[in-house]
Amino acid sequence: MPPIARKLAEVFAVLNPDLSVNTVPVTPSIYTDLDTNFDHFKGRVLISEYAFTVDWPTWERHPAGDEVVVLLAGRVEMVLRTADGDEIIGLDQPGKYVVVPAGTWHTARTSVPTRMLFVTPGEGTENRAEP
């Protein structure tokens, strides 16, 4: 099948251990489907885009590797929970990004329409209301 243009917000990309890519339509059950269809994301990386207008309601962490988070539009504060307390990294221009170290609990705060690109090692991802 020849390559075609896709919108990342509608069709996520899964980078496999052999560096091939699978495309996965975004549905309400996307994360359950990813775990089921990709062996709990072992050795895989999810490339995704999200749009939001309010603070994330949860914290998350990715023990399998560092996550790259890129601002595409809007303004956001990434909050990383470290041993020394919360570290806030402001992203205020498209193209700015942060590398969230493996295993670091993090969340995002915004009050404006914001779009972000995520490159996430998905294996073992955890989500909580408060770490």
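Predicted model: local features only at pLDDT ≥ 70, side-chain atom pairs only at ≥ 80, totals over all residues.

User: Why is His-106 called buried?

Analyst: A residue is buried when its relative accessible area is under 20%. His-106 has a relative accessible area of 0%, and therefore it is classed as buried. His-106 belongs to strand β9, residues 105–109.

User: Which residues surround His-106, apart from its neighbours within four places in sequence?

Analyst: His-106 is in contact with Trp-56, Thr-58, Trp-59, Glu-60, Arg-61 and His-62, among others. The list of its contacts also includes Glu-67, Met-78, Val-79, Leu-80 and Val-100.

User: What makes the approach of the His-106 side chain to the backbone oxygen of Thr-104 a polar contact?

Analyst: The cut-off for a pair of N or O atoms is 3.5 Å. The side chain of His-106 reaches the backbone oxygen of Thr-104 at 2.9 Å, which is within that cut-off.

User: Is His-40 buried or exposed, and how do you know?

Analyst: The term exposed requires a relative accessible area over 50%. His-40 has 54% relative accessibility, so it counts as exposed. His-40 is situated in the loop between α1 and β3.

User: What is noted about the phi angles of Asp-39 and His-40?

Analyst: Asp-39 is not a glycine, yet its phi is positive, at about 50 degrees. His-40 is likewise not a glycine and has a positive phi of about 55 degrees. Asp-39 is placed in the loop between α1 (30–37) and β3 (45–52).

User: What makes the pair Arg-115 and Glu-49 a salt bridge?

Analyst: A side-chain nitrogen of Lys or Arg must lie within 4 Å of a carboxyl oxygen of Asp or Glu. For Arg-115 and Glu-49 the N to O value is 2.7 Å, so the pair meets the definition.

User: Why is Glu-49 called buried, while Arg-115 is called partly exposed?

Analyst: The relative accessible area of Glu-49 is 13%, which is under 20%, and therefore Glu-49 is buried. Arg-115 has 34% relative accessibility, which falls between the limits of 20% and 50%, so it counts as partly exposed.

User: How do you know that Asp-86 and Arg-81 form a salt bridge?

Analyst: The closest N and O atoms of Asp-86 and Arg-81 are 2.5 Å apart, which is within 4 Å. Asp-86 has 39% relative accessibility and counts as partly exposed. Arg-81, at 26%, is also partly exposed.

User: How many salt bridges does the structure hold?

Analyst: The structure holds six salt bridges. The side chains of Lys-96 and Asp-92 also meet in a salt bridge, with an N to O value of 3.1 Å.

User: Which residues touch the most other members of the largest nonpolar core?

Analyst: This core has 14 residues, of which Val-69, Val-76, Met-78, Leu-91, Val-98 and Met-116 touch the most other members. At least two residues of the core come from each of β5, β6, β7, β8 and β10. The largest share, three residues, is supplied by β6. A second, separate core has eight residues, including Val-24, Ile-30, Phe-41 and Leu-46.

Key:
Residues numbered from 1 in each chain as written. Heavy atoms only, no water. Core = buried A, V, L, I, M, F, W, Y, C linked by side-chain atoms within 4.5 Å. Buried < 20%, exposed > 50% of the residue type's maximum accessible area, 1.4 Å probe, protein only. Helix = DSSP H or I, 4+ residues; strand = E, 2+ residues; numbered from the N terminus. Polar contact = N/O pair within 3.5 Å; in protein donor to acceptor, adjacent residues only side chain to side chain. Contact = heavy atoms within 4.5 Å.
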